[in-house]
Amino acid sequence: MSSQTITADAAGTWKLGGELPVHRLGFGAMRLTGSAAFHHGTPSDRDRSIAVLRKAIDLGVNHIDTAAFYFSSLRSANELINSALAPYPDDLVIVTKVGPYRAYDGEWGTSARPEDLRGHVEENLRQLGRDHLDVVNLRRMPKYDSIAEHFGALAELREAGLIRHLGISNVTPRHLAEAQAIAPVVCVQNRYALDRPDPGSDELLRVCGEQGIAFVPFYAVAGEAAEQGATTAHDEDVRAVARARGASPAQIRITWTLHQGPHVLAIPGTGNPDHLTENVAAGAIRLAGEELDRLGRAHHKAC
């Protein structure tokens, strides 16, 4: 399919917290820093990464997902975003996350305690050059069964004006209810992909839709490759729909994700300008009923 003039608004719009309109096709910053996420792969070319961010804005992307722990040995996603886009467009919504911690050598450190979260928030503020954060997701860490204390700490920072809206990540429906008893939740970010069925995430997707909460899948394109990058192990059903549409398998994975509900936001990431254009163009694809049925069967047979 031609993707030269397709912009992010083709995917439709969702209002985070009922007040922050974002196009449903956004951008994940994880892959800006290298050929693979975190300390994997080789660091990216800085000028190319900055060009990708500016092209995203040119293509109408107004929702960027990032984190202070998105960095390689040479590159920081937040620094790249700041350098490329500040002063920020008025309609740009930057969503970050806190909880996990990486030391300067790239190794994962001790997960944040509730009292550590202000430091995490202020580090994101410093790196992004902002006086408040639009949305902060609490990334649940496996060592903590409850998120109440951590989410409560973020709710206090929201009351202090450092954060506008709150979300949660890597959670179950029980955690969502726990958070909502403390403060409003505007988005849930969980791993979710066509080739990775997960009854828990399916239930969260449904609950979020009923409650008007955005559901934001990560690794929707990467699949089982996860932080290593986009998968090449596409199911034949995905390939068949892609061939019929004149699209790439990655585009079909993105558009299938968006078809899971009007509250679903896609945040595919890349450090490649051509892939960015292709990803944004996926927002214009409208799958037919039989195509959705075929891909739905592929989703469930991966169990």
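1. F38 has 9% relative accessibility, so F38 counts as buried. Buried means under 20% relative accessible area, exposed means over 50%, and partly exposed lies in between (1.4 Å probe, protein chains only). W108, at 41%, therefore counts as partly exposed.

2. A word on the basis. This is a predicted model: local features need pLDDT of at least 70, side-chain atom pairs count only at pLDDT 80 or more, and totals for chains, interfaces and linings use all residues. Residues are numbered from 1 along each chain as its sequence is written, and side-chain values use heavy atoms, with hydrogens and water left out.

3. The structure holds 7 aromatic pairs. Rings of Phe, Tyr and Trp (its six-membered ring) pair if their centres lie within 6.5 Å; planes under 30 degrees apart count as stacked, over 60 as edge-to-face and the rest as tilted. F38 lies in the loop between strand 3 (27–28) and helix 1 (46–58), and W108 in the loop between strand 5 (93–98) and helix 3 (117–128), so the pair ties together parts that are 70 residues apart in sequence. Helices (H or I, at least four residues) and strands (E, at least two) are DSSP runs, numbered from the N terminus.

4. F218 and Y219 also pair edge-to-face, because their ring centres are 5.2 Å apart and their planes meet at 75°. F218 is buried at 13% relative accessibility. Y219 is buried at 17%.

5. Ring pairs link F38, F69, Y70 and W108 into a cluster. The charged end of R102 sits over the ring of W108, 5.6 Å from its centre. For this, NZ of Lys or CZ of Arg must be within 6 Å of the ring centre and within 35 degrees of the ring normal. R130 lies over the face of Y88, 5.0 Å from the ring centre.

6. Helix 8 is mostly covered, with 10 of its 10 residues buried. Among them are P249, I252 and W256. The cover includes strand 9 (214–218), helix 7, helix 9 (273–281) and helix 10 (289–301). Contact means heavy atoms within 4.5 Å.

7. Where do helix 7 and helix 8 meet? V238, R239, V241, A242 and R245 in helix 7 touch P249, I252 and R253 in helix 8.
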